[in-house]
Amino acid sequence: FALRMERLNRNGQVVAEWLESNPKIRRCYYPGLKSHPHHDVATREMSGFGAVITFELDGDLASANRVLDNLKLCYIGPSLGGCETLITHPATVTYYNCTREERYELGILDNLFRLSVGLEDPADIIADLDQAINAAI
């Protein structure tokens with residue numbers, strides 16, 4: 001488990017940094033990023049920042065659906081936390097029974113994703129995200 005967590009922490013950081021630097025990503029939420037509002041607390045309290053990243057695409061619901069349609073390595077799943085990279089689109093999976101207005105009040109935007117980075121090589125995860133995002137926008 002310790003080796004798995006070490007790898008997931010490292011992969012999460014690498015992928016989060018790439019997402020944050022991508023001009024097609026509006027915002028990236030990951031406690032390992034200095035831009036995260038609770039980065040200082042996370043640095044003091046945590047020994048690693050984990051593998052779950054939330055990010056907003058610079059696009060709309062149609063763009064978000066195109067990203068999902070174009071992924072090859074990242075699996076679409078309703079839950080996160082496996083050894084493989086999983087992605088979910090909360091607007092259409094977790095909050096499917098809410099109106100758009102209800103979702104937006106909760107901060108669940110049409111372009112929001114949750115990504116659970118797996119044990120794959122981070123370069124492969126990034127390449128898959130990159131091709132899917134570029135195909136969508």
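The legends below describe an overview and several close-up views of a predicted model.

**Figure 1. Overview of the 137-residue chain.**
The chain contains five helices and five strands. In sequence order these elements run α-β-α-β-α-β-β-α-β-α. Along the principal axes, the C-alpha atoms occupy a box of roughly 40 × 30 × 25 Å. The radius of gyration is 14 Å, which agrees with the value near 14 Å for a compact globule with 137 residues. Of the 137 residues, 44% are buried. The accessible surface amounts to about 7,400 Å², and carbon and sulfur atoms account for 53% of that surface. When contacts between residues at least 6 apart in sequence are considered, 68% of them link residues at least 24 apart.

**Figure 2. Helix 1 and the elements that its buried residues pack against.**
Helix 1 covers residues 2–21, a run of 20 residues. The distance from its first C-alpha to its last is 29 Å, close to the 28 Å expected at 1.5 Å a residue. Its buried residues are Leu8, Asn11, Gly12, Gln13, Val15, Ala16, Trp18 and Leu19. The partners of these buried residues are strand 1 (25–29), strand 2 (52–57), strand 5 (112–116) and helix 5 (122–136).

**Figure 3. Helix 5, its buried face and its start.**
Helix 5 has 15 residues, and its end C-alpha atoms are 21 Å apart, in agreement with the 21 Å that 1.5 Å a residue gives. Pro122, Ile125, Ile126, Asp128, Leu129, Ala132, Ile133 and Ala136 are its buried residues. Viewed down the helix axis, the buried residues of helix 5 fall within an arc of 160 degrees, so they line one face of the helix. An α-helix has 3.6 residues a turn, so residues three or four places apart point the same way. The cover over the buried residues of helix 5 includes helix 1, strand 1, strand 2, helix 3 (61–70) and strand 5. At the start of helix 5, a side-chain oxygen of Asp121 comes to within 2.8 Å of the backbone nitrogen of Ala123.

**Figure 4. Leu129 in helix 5.**
Leu129 has a relative accessible area of 0% and is buried. Leaving aside neighbours within four places in sequence, Leu129 is in contact with Val15, Trp18, Leu71, Cys74 and Leu115. Val15 and Trp18 are among the buried residues of helix 1. The C-alpha atoms of Leu129 and Lys24 are separated by 11 Å, although the two residues are 105 apart along the chain.

**Figure 5. Lys24 in the loop between helix 1 and strand 1.**
Lys24 counts as partly exposed, because its relative accessibility is 25%. Not counting residues up to four places away in sequence, Lys24 touches Leu57, Asp58, Ile133, Asn134 and Ile137. The Lys24 side chain reaches the backbone oxygen of Ile137 at 3.3 Å. Asp130 is 106 residues from Lys24 along the chain, and the C-alpha atoms of the two are separated by 9.6 Å.

**Figure 6. Helix 3 and its N-terminal cap.**
The buried residues of helix 3 are Ser63, Ala64, Val67 and Leu68. Seen down the axis of helix 3, they fall within an arc of 140 degrees and so line one face of the helix. These buried residues pack against strand 2, strand 3, strand 4, strand 5 and helix 5. Asp60 caps the N-terminal end of helix 3, with a side-chain oxygen 3.3 Å from the backbone nitrogen of Ala62.

**Figure 7. Leu80 in the loop between strand 3 (75–76) and strand 4 (86–88).**
Leu80 is partly exposed, at 29% relative accessibility. Not counting residues up to four places away in sequence, Leu80 touches Val52, Leu86, Thr88, Arg114 and Ser116. Leu80 and Leu57 are 23 residues apart along the chain, and their C-alpha atoms are separated by 19 Å.

**Figure 8. Arg103 in helix 4 (residues 100–105).**
Is Arg103 buried or exposed? Arg103 counts as buried, because its relative accessibility is 7% and the cut-off for buried is under 20%. Not counting residues up to four places away in sequence, Arg103 touches Ala91, Tyr95, Cys98, Ile108, Leu109 and Asp110.

Terms used. Residues numbered from 1 in each chain as written. Predicted model: local features only at pLDDT ≥ 70, side-chain atom pairs only at ≥ 80, totals over all residues. Heavy atoms only, no water. Helix = DSSP H or I, 4+ residues; strand = E, 2+ residues; numbered from the N terminus. Expected span 1.5 Å × (residues − 1). Buried < 20%, exposed > 50% of the residue type's maximum accessible area, 1.4 Å probe, protein only. Contact = heavy atoms within 4.5 Å. Arc of directions from axis to C-beta. Polar contact = N/O pair within 3.5 Å; in protein donor to acceptor, adjacent residues only side chain to side chain. Rg over C-alpha atoms; globule rule 2.2 N^0.38 Å. Areas by Shrake-Rupley, 256 points an atom, 1.4 Å probe, with all protein chains shown as cover.
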